[in-house]
Each structure stands twice: as structure tokens, then as C-alpha cells.
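Hello,

Here is the structure for your files. My notes follow below it.

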Amino acid sequence: MEVDGASTSNGGASTSNGRANGGRSRRTAFDLFKQQQLPACKPVLTPVWVITAFMLIGSIFIPLGLVTLHASRSVVEIVYRYDAECVPKAFRGNKVSYIKNGSIPKNCYRSLKVHKHMKAPIYIYYQLDNYYQNHRRYIKSRSDQQLLHGHAHYDTSSCQPEEYNNGLPIVPCGLIAWSLFNDTFTFIRGRAELKVNRKNIAWESDRDHKFGKKVYPINFQNGTLIGGAKLDPDIPLHDQEDLIVWMRTSALPSFRKLYGRIEEDLEADDVVFVTLMNNYNTYSFGGKKKLVLSTTGWLGGKNDFLGAACIFVGSSSIILSIVFMLLHVKYRRNYRGTSYLSWNW
Amino acid sequence: MAICNTVVPIKSKSGAISYKAQSQDEDALVNAAARLHMVYANKNGNILEIRFHGLIIQYEILETLEFTSDRKRMSVVVKDCQNGKILLLSKGADEAILPCASAGQQTRTFVDAVEQYAQLGLRTLCLAWRELKENEYREWSFMFKEASSTLVDREWRIAEVCQRLEHNLEVLGVTAIEDRLQDGVPETIETLRKAGINFWMLTGDKQNTAIQIALSCNFISPEPKGQLLLIDGKTEDEVCRSLERVLLTMRSTFSQPKDVAFVVDGWALEIALRHHWEAFTELATLSRTAICCRVTPSQKAQLVELLKSCDYRTLAIGDGGNDVRMIQQADIGVGISGREGLQAARAADYSIGKFRFLKRLILVHGRYSYNRTAFLSQYSFYKSLLICFIQIFFSFISGVSGTSLFNSVSLMAYNVFYTSIPVLVSVLDKDLNEETVMQHPQILFYCQAGRLLNPSTFAGWFGRSLFHAIVVFVISINAYAYEKSEMEELSMVALSGCIWLQAFVVALETNSFTKLQHLAIWGNLIAFYIINWMFSALPSSGMYTIMFRLCRQPSYWITVFLIVAAGMGPILALKYFRYTYRPSKINILQQAERRGGPILSLGSIEPLQARTIEEDVSPLSITQPKNRNPVYEPLLSDSPNSTRRSFGSGTPFDFFQSQRLSSYSRNCKDN
């Protein structure tokens, strides 16, 4: 490295250490970025701001919670658990053998009382409890390719053990399809049967893009173990809405799936007679079956949780802000003027 | 002066001669000789040309006996082309040359001169010469060549051979060189001392020179404020006794505010390091300032090692080739580039241009770096833990079968796209202004005590991630129950909740918001939606239409905002409470800074865990145990008196109350 003459250290040291702020007009934004001198805003947690923030949260969430709660309360819901009651008394001791025995008729007649006016459309759900559709082996036991394109040339090994039966491939393969729910419900009010609309219960996107129009059930539910419903081999999967609804696996062990819609209003004090076919075996694992009739609001079905939680959060915010206000008034700290720092650690 | 060196003259176009020298000393000497009309004009191969008043004298260099730190001198054997005489010219430290002088010489005057110069803080060298006979030279040359080409123990053999020649010298005179201190050195030392960093000075100069230089830059204070303890001795016992005495004094004055420093010579240091390691180590831990003179590069490295073994964080700063070992040994090595070439700068972790930049390096950049690293590392754990906890909770309701709540695309994109961008810009975060930090260097204690990254802060982040996971999980599970409980939708709700929470967490932890921060935090949120919308538009993906469906549902937005409010509310409340009613020092400074009021510092610093910085002053290296900055360059101005005056008679160590501030501001005004 060159040394220029007998130079000693540079006498003219610059005034400040580092680069001085401002005063240089030629600095681009990139220069400022490199020198970490971008203009910054440094918010401080002053009591005013924080108390205001909590007040704001409270004032937003409490009305929101009230609105949500009201929406949820205005949904009318009838839930009826039928899996225990619909077993004839003779078989109450051994429900599993009852359900597995194909020769015993599984009809069940019940009546439901409507306690409040229900506006159409009224959604019919079947609710299953303690049913783990979110089990890992269960969830992966399907072949989306096969559902869309049919049984040719696709790898269906994830569908084991419901992949082949007697050497023939099963369409649709997998445990999810195999365990299709097969209880049916018919409704009679007064004299007339209530029409249940069983079309358009699945997601449109599923119907159009996930299940093929030309794929027909093959070799389905032919094995020794019957898991659920049988499928009509003449109807393509695209139109098998029950299957489509069932294949949309749920994340929770308690879930409801759409069965159909009633397009008429139900008045208060109406009595609806339900004819159930109690086919589905939930008795081997202690599951529960429930029939649900429900209206919907803008929030969906009946769910008080959101409303209650919003109110809870809002009110605790308000309480916090009041607490902080009291603290602030009591222990007023002087922020102006000099502050003293003591460095004794 | 003109010949005995390793300088190469370079002729520029206009005829002026500039010199390329390995060290500033040689450069100075050659230039001084040139001023005295003995101009070193040219070097062709082995022939030197000296121009004396226009007359050209030629010398042939026969051998160069290089400078080693053991011999502490260098020599050249030259042949005068005019009359064929062979001369040995030597130049070196006074204690290396004067003992080799021929008997009968009046070395008294030279010793006095050297002492006088050292009192003034100048760097001294002695010059000597001898005439060699032809056959003596030839014999010796043969031995020298043999020694130079051995493969075993070369240095030792060469040293031995050189020893044979360098005796019976006739001392010519003594030179003194002034090595000016760089600007800003005293303030830097002062400020870093306040930050709790201890300074040691390691130098190759004489003891008196070093002490004078130290006094002139307020490294140590003169009596009666400061006390300088000497460790000297030639034999093991002497050193031991001296060491014991100093240790006793140190122990008794440790708690007092008196500024006690010790000085140790190269010889004594060698003995102490070899035989009295424990005692010296104890001394090292007790003292905040030390001066070590006549240290060799290997001793510098040894000292750094000693301090490292005492659990100190050491920083070594130097600017010459002899500092390289020390720089490499220390935890942090800083090289000053420029004065003596780039050797030190190349070997160092950090390379700065001037000594005073060290203040900024440590206080500003080092501190920011600590804050940012602490935040970044803990945040990374937090975001991963959040996802993990949610998965764990989900496994409890999925039969413990290992189902992942989130689909694989989301998980992959989570760490890369959704959560990394906001923290990338946290490297621009500044919790305190640079000016505030410079005014209150004591804030560095916070870093040294590890207040921002320790088990309890980590536990805080861990608890935060657990709390947030519970909030997200409970709210999503309950809000999206029964007919809404479809797997993909629920997973997307939970993921949205996580991402929103993290945006707010980063926003809460950021201290200064530049445009980039806003862009990164909020832009990241928007990017999350855009990416998911893109995936929701692909019919073949598992997420087909999920995001579109969700964004149309009011319950989705209510759920997300509820998650944010429930998750951030307690965090905000806790942070506010701590900030206002139990503020840490950083918080106090932040508040004061934003209000613009003046802040006064009270109290003395009692570091529990000081850090030392080792400073190196040119050929000196200063090692600082725990926060000692070892870089220091001696500053000698024209007259010693003026130097002392300008630095206010050295009262920077007058602590307590406002006095410190006023003395500090006085220092600032003077400079």
C-alpha cells in the first residue's frame, strides 16, 4: 500500500462521528437505506394511546358480539339424537349385532315438535359425534385422480385396503367412500310429505372439478365387510351428491353434513313425523348420530361461541382500559422535564 | 539513517522522491535524513545511491539482518563503493544496542538522552556502527548463508549468527520519533470506559514512553487521582514479590474509586506469564487499566488468551503487522487499515479507518446488532413453535394419529413466504437513537448483562407462542364447528389467524417504523392472501376455491379479528404495563428521547461483568479484559504541556453525579 511521504494522521478529522444527518441533498433513498437513516416513526406506548386502543377494541367488539349473538340466537335449530332410541328394545343389549344383521328392519318412526317458526330453506343435517374423519389413515385413503378420471392408469395404492376386490379395481376406492353414510330420512307434516330437496347439497366446485361426469361406480361395496351405503352404478359420480358431501372430510370429531333442504316454512307448534332408516353402524365405536333441522342466518348455523367470545373480549378490553386509567391517575408519572437515570444495577 | 532500513524509494515523474516503507518509523527516519541533505535517492538491485549535497555516494548492500522482536534491532552490512570498506550499521531499541556497545564508550550520555526523550513520550531508537574486516566478513557471511538455508530452527540459527556480528558497536546517536495520536482517541476511550469496557494498552515501546502517552490521552490519570503500580524485576523472585505487592494494593483499593493501573515490562511479563500465571490472572481480573510495555507479538496473543480464559469478552484492535496474532486470538479482532498497511485489517473481523470509529462500532452497531439478533432468533423460535403447538393440540382431537391440520403447501410456504419477510426488515430496527446511545454509553451494560437474550426472555417468547396457539386453536375450533368444520376451511382459518397474529407481534416489537417496515409487515399480509387466492384458483389443488369461500363469509373475518384481539390484547397490556410502571433503562431512555427532555445520569458504574477491550497502539497493543479496547494510538503534540492542558488535566475518572457529565462535556467542548 502506498504511503504518501511522511504523513501523520489526518489532521482534519470530520466533525461528527459517522455521517451527519441531513444537509446532503444528493443522497438517494438507497443511500439512506444503506446508512440506516431512513425516516422512521417511533411510536411510544403512552397511556393515552393504550387506553384509547383498549377502549376502541372494547367498543368494536361488544356491539359486534351482540350482533353476532343475536344472529346466532335467531337461528332455529332442532337436534334429535336417534341412535340410542331407534334400536328396538330387544336389541338394546347388543346394538352391534343388531346393526350388522341385515334381516332386521331398521325403520324408526319419530316425531319432532317445531318450537319456533322456521323460515325456508330449512337445512337437514345428520350429525355424527365421536367420528374421527380427521384420522390420518382415513384422510389419505382416497384417490382424487380416480374420482375425476376413472379407474384407468392411476395410482390408487393410497386407497388400501379398499383398492381391489376379487382382482377388480374399486371405483371410488378408499375408506372414505367405503364408509359412506347411509341413514335416510323422510318427513311428513300433517298429511303431506315434506319435499326434501336432495340436489345441490354438495359444493359446486367439488361437483364440477373433482368428480368426473363419466366416472361410474364399479365393484363398489362388494366385499365381505360393508362399511356404508351402496352406490347406483348407473349414476356418474358427478351426480352422486351424498358421496361428494361425505368425501369432504371434516376436521373435528363432531360434525354435521348436509342431507337435504326443505323448501317450505315450518310454523311454530308444527309436528313433523320422521321416518328414519337406522342403517349406519356407529355402535361399534361408541359414536352418536343426531338429526338436525336448522335455519341459517348470515353467520351460518347456530353458534353462540363467536358472539360470546366477542363480548368477552370486548368487555375485558373495557375493564383493562378502566384499570389502566385508574393506574394512570393514581401513579401519575411525570414525562416532561428531565428524567433521572440511575445506573446502579 | 538513510541506509539502514528496508525502504524503497520511488521516483515520481516530476523528480520528487517518495518512499515506500514497511513502518512509519523507517519512513520518518529516511525523510529526516533527506531533510538533512542525505537523500536516499535510488536502489538498484543491491546498490544504494545516496545523494549528499549533490554528490552521489554508492553503497552495496551485502547482507540485511532483519528486525526480529527478540533481538529488537536490525542491521545491514554494506560495502562502501568508494573505498571498499565493509561497514555494519545497526539500528534498534536502546536496550538492544547499548549493551552491544564496545567497552569504554560513554554510554551515559546516550542513556540520559533516551530517558529524556522517553519522558516526552517520543519513540527512541539507537544507531550504531562498526567497521568489518574483509576476512571476518567472509567467514561470517558463510555462516549466515548456511544458517539462512537450514530447514530446522532457522530463526534461532540466524539469531545466533547475527549475535556473533553485532558486538563491539560504536554508538552513533539516538533518534526520537513523535507518533501522533489520532483524533478523537481520548473521547473514545472515555466513552467506552463509561460503557464499562476496560482498556489495556500493549505496546512495544519503552515504559516511560508508554506511560507518557497514556497520560496524554487520559488513559490513566496522574496522581493523586490515579495510581500507577509497577511490576518489574529481572529474576523470578523479584517479579514474584513485585506482583504480590501490586496484587495486595489492587485488592485493597478495588472498591475505591481510585483509578489504579499497573505497568509491566516485557521481561517481567514473560516471567510472570511463565511462572506466576494464577497471580497474574487474578491481577488481570482486578484491574481495569493496564499498560504493558515492550511486549512481543506472541506476548500480546498470550495476554489475550489469558483474559479470555478469565471469561472476558476481548476485543483486540491494532494497526500493524505485529498485532495480527493478537487480533486473531481475541474474540473480536478489529484492524485499523491505513497507517501501516493492510495486514492488521486483513486479519481482523472488522476493519475500520480510524481508532475513533471504534466507539461507533461498539456502541452503535454492536448494540443494534445485539438487539436485532436477539429479536430475530427468538421470533424464529416463536413462529415455529406456534405452528407446532397448534398441530399438537389438533392431534388431541384427531385421535393422536398424526394428521396435520395444515396442508403441505401452507406449511412449506409458511416459513418461507408468510413469516420471513416481516423480520427481514427488522434488521433496520433501532430502539434508541444513535445520539442517545452516544450520550449514555452505560446503556451498553444492558447488552453485556445479556438482558435481551437469556433464558427468561426465551421463556417469555415460548409462553407467548403457547398462549397464541391456544387462542388460535380454541377460537377456530369453536367458531368453525359442526357444519362448517371442513378440514381445508378450518385449516385455512387457523393459518390466517396465525399470520395475522404474527404481523401484529412483529409490529408490536418493532421500535422504529420506516416505510420498509410497513411495507414488509402489511404487504406480507396482503401477499398471504394473494398467494392463497392463486392456489384457490387452481382446480387441481386441494385448496380449490377454499380461500374464495372463506373470504365471502363474515364469520371468517369476525373469527380472524377475534383471534387478533384475544391474542394481542394481553400482550399489549403486559408490554404497556412493563413499559410504564416497571421500565427498563432502555425504556426510560426511549421515553425521554421521544419527549425531548434532557436526561441526566446518576450513579457510578459498577460493572458486574465488565468486558475488556484490548487496545493496541501502533506497535503497542492494548488488551482489555472484558470490554477493553486495545486500540490506542499515542498522541504527542508539539509540546507536552500543551497536550496536557487541552485534555483538562485528566479528570475523566471523576465520577459521581453531574460532575462526570460536566467534565465529559468539557472534554467534548475542547475537542
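How many bridges join β1(A) to strand β11 (residues 288-294) of chain A? Five bridges do, and the two strands run antiparallel. Tyr80(A) stands opposite Leu291(A) in β11(A).

First, the conventions. This is a predicted model, in which local features need pLDDT of at least 70 and side-chain atom pairs count only at pLDDT 80 or more, while totals for chains, interfaces and linings use all residues. Residues are numbered from 1 along each chain as its sequence is written, chains are lettered from A and ligands numbered from 1 in the order in which they are written, and side-chain values use heavy atoms, leaving out hydrogens and water.

The sheet in chain A

Five strands of chain A form an open sheet in the order β1-β11-β3-β9-β8, with antiparallel pairing (strands are DSSP runs of E of at least two residues, helices runs of H or I of at least four, numbered from the N terminus; two strands pair if DSSP finds at least two bridges between them). β1 (77-81) and β8 of chain A stand at the edges with a single partner strand each, so one side of each has no neighbour in the sheet.

Strand β9 (residues 255-262) of chain A has eight of its eight residues buried (under 20% relative accessible area; exposed is over 50%, partly exposed in between, with a 1.4 Å probe and protein chains only). Strand β3 (residues 122-129) of chain A pairs with β9(A) over seven bridges in the antiparallel sense, and Tyr125(A) has Leu258(A) as its bridge partner there.

Aromatic pairs

The whole structure holds 42 aromatic pairs over all chains (ring centres of Phe, Tyr and Trp, the last by its six-membered ring, within 6.5 Å; planes under 30 degrees apart are stacked, over 60 edge-to-face, the rest tilted). Tyr126(A) and Phe181(A) are stacked, at 4.0 Å centre to centre and 10° between the planes. Tyr126(A) lies in strand β3 and Phe181(A) in the loop between α6 (175-178) and β6 (184-189) of chain A, so the pair ties together parts 55 residues apart in sequence. Both residues are buried.

In chain B, Phe389(B) and Phe462(B) form an edge-to-face pair, 5.5 Å centre to centre with 85° between the planes. Phe389(B) belongs to helix α14 (residues 357-397) and Phe462(B) to helix α19 (residues 455-479), 73 residues apart. Phe389(B) counts as buried at 13% relative accessibility, whereas Phe462(B) is partly exposed at 36%.

Regards
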